[in-house]
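Hi everyone, thanks for making time this morning. Let me put the model up on the screen, and then I'll walk you through a few spots in it.

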Amino acid sequence: MSDQHTDLLIVGAGPAGMAAAVTARRHGLSVRVVDDQSAPGGQIWRAIETVAATPRLARLGEAYRAGVDRAAAFRACGALYEPQSQLWQIEPGFRAFLTRDGRARSVTAEAIILATGAQERPVPFPGWTLPGVLTVGAAQILLKTADSVPDKPVWIAGCGPLPLLYMTQLLAAGGKIAGFLDTTPRGRVGAALRHLPQGLGRFGDLVKGLSWSLALKRAGFPIIRHVAELRAEGDGRLESLHYRTQDGREGDVAAEVLLVHEGVVPNIHAPLALGCAVRWDAGQHCQIPVLDTWGETSQANVFVAGDGAGIGGAEAAEPRGQLAALRVATKLGKLRDDAAEAAARTEQAALSRALALRPFLDALYAPRPQVFAPADETLVCRCEEVTAGELRIRAAQGRPGPNQLKAFTRAGMGPCQGRQCGYTMAHIVAAVQNRPVEEVGFYRIRPPLKPVTLGELASLDEQEPAA
């Protein structure tokens, strides 16, 4: 098979991947960037090149507008950019297997930076698989890429900055909001305030968040605080919502569209598949890769940058990408150690500033306990239709771990490879077996990381040189 070799393979063209590519090219590395999206920008700057020439740019805010210059710099840096390329395996050494336009191929590299970002935290609850129930992130993608606004008022349930931002963007685009079910538990402000002093340097972000909240309050739609439990109901599609608050108040409302969001977690499937060590982050309630100060994993020459290294947003993603690229340039002999150290000090300072408010936000918007303890009838693994009750019964039989339960029930074997059920499964096991969730661990991830057709696999043979 004829391979295409490069010094550095970057997976993902969001803030971290683009910043890493620009830095690596500046130091003379050959760089290949593969991305499953059709254009650079990642989730936060999705469709930025298209939107830049439209009125949508102003509606989506200053943080989104910042992506215009970043995408332009990335395009001009000289990296080989391959959009709509789906990574499905990386072998040590490194050989990466990709699919693009229905054909698979492999490329090789001396070093890899995984800048695959984050995913929304799965929120299983009764009725979450009904048509009409989506995530806030999915709705925001539609708004950015197609200026798509629901034609009926939407209900939004969850907590964190993203629902607040999306609601302000939706209203600016002419959309209507039926109501907001705020799932932030009572008492979280007090717990978060102890982290505020270290985040005062991010005062502007606090003001921005407060302005979103005030604008939504003035909009006049119902805001129901401290929602603890949620149920979506309907015959074949969403028709109504039932909620219960922390203090026992219950309500039923008609609904055609529900958007949910309970925070984001790093996308760790690629690091796990490569055997990289991970650890439980108690503040963010998820697994994150074990990294050194440059972003290098426990596997030499494999780096993780951006939200895949721990949730921090675009401002943290860029210095993380630059630090990883500096280290790769040093290891491949393109940059002296002292020069890399000098450049790294600036990026490390920027990273510290970007993360200063994160402990406050993590404490304020930590997921409510009910996210990890769905009712027995709730589908946890929607790919294989495995319920929480079935997992609880199995978890009590001989203290199996996630991988044993995966074999017993097929939970985690579907197309999403456990992305939608892994954390819920771990929490169910921990609760049933009365042990810490960090001790339970996560699924063992095997290739392919994404679904691959037999035709795509067969196209690898077509690339074999003639004898």
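First, the ground rules. This is a predicted model, where local features need pLDDT of at least 70 and side-chain atom pairs count only at pLDDT 80 or more, while totals for chains, interfaces and linings use all residues. Residues are numbered from 1 along each chain as its sequence is written, and side-chain values use heavy atoms, with hydrogens and water left out.

Let's start with helix α14, residues 388-395, and helix α16, residues 422-433. Helices here are DSSP runs of H or I with at least four residues, numbered from the N terminus. The two pack at an angle of about 45°, with axes 9 Å apart; axes are lines fitted to C-alpha atoms over the stretch in contact, and angles run from 0 to 180 degrees between N-to-C directions. So α14 is oblique to α16, oblique being whatever is left once you take out under 35 degrees (roughly parallel), over 145 (roughly antiparallel) and 65 to 115 (roughly perpendicular). On the α14 side, the contact (heavy atoms within 4.5 Å) is made by Ala 388, Leu 391, Arg 392 and Ala 395. From α16 come Met 425, Ile 428, Val 429, Val 432 and Gln 433.

Now, what angle does α14 make with helix α15, residues 402-409? About 120°, with the axes 11 Å apart, and that makes α14 oblique to α15. Here Glu 390, Leu 391, Arg 394 and Ala 395 of α14 meet Leu 405, Phe 408 and Thr 409 of α15.

On to the cores. A nonpolar core is a set of buried Ala, Val, Leu, Ile, Met, Phe, Trp, Tyr and Cys residues joined through side-chain atoms within 4.5 Å, and buried means under 20% relative accessible area, with exposed over 50% and partly exposed in between (1.4 Å probe, protein chains only). The largest core has 61 residues, and Val 31, Val 33 and Ile 113 touch the most other members. Helix α11, residues 314-331, gives this core its largest share, 9 residues. Apart from it lies another core, of 45 residues, including Leu 87 and our friend Met 425.

Last stop: Ala 73, in helix α5, residues 67-76. Is Ala 73 buried, partly exposed or exposed? Partly exposed, because its relative accessibility is 37%. Its C-alpha atom sits 14 Å from that of Val 31, and the pair are 42 residues apart along the chain.
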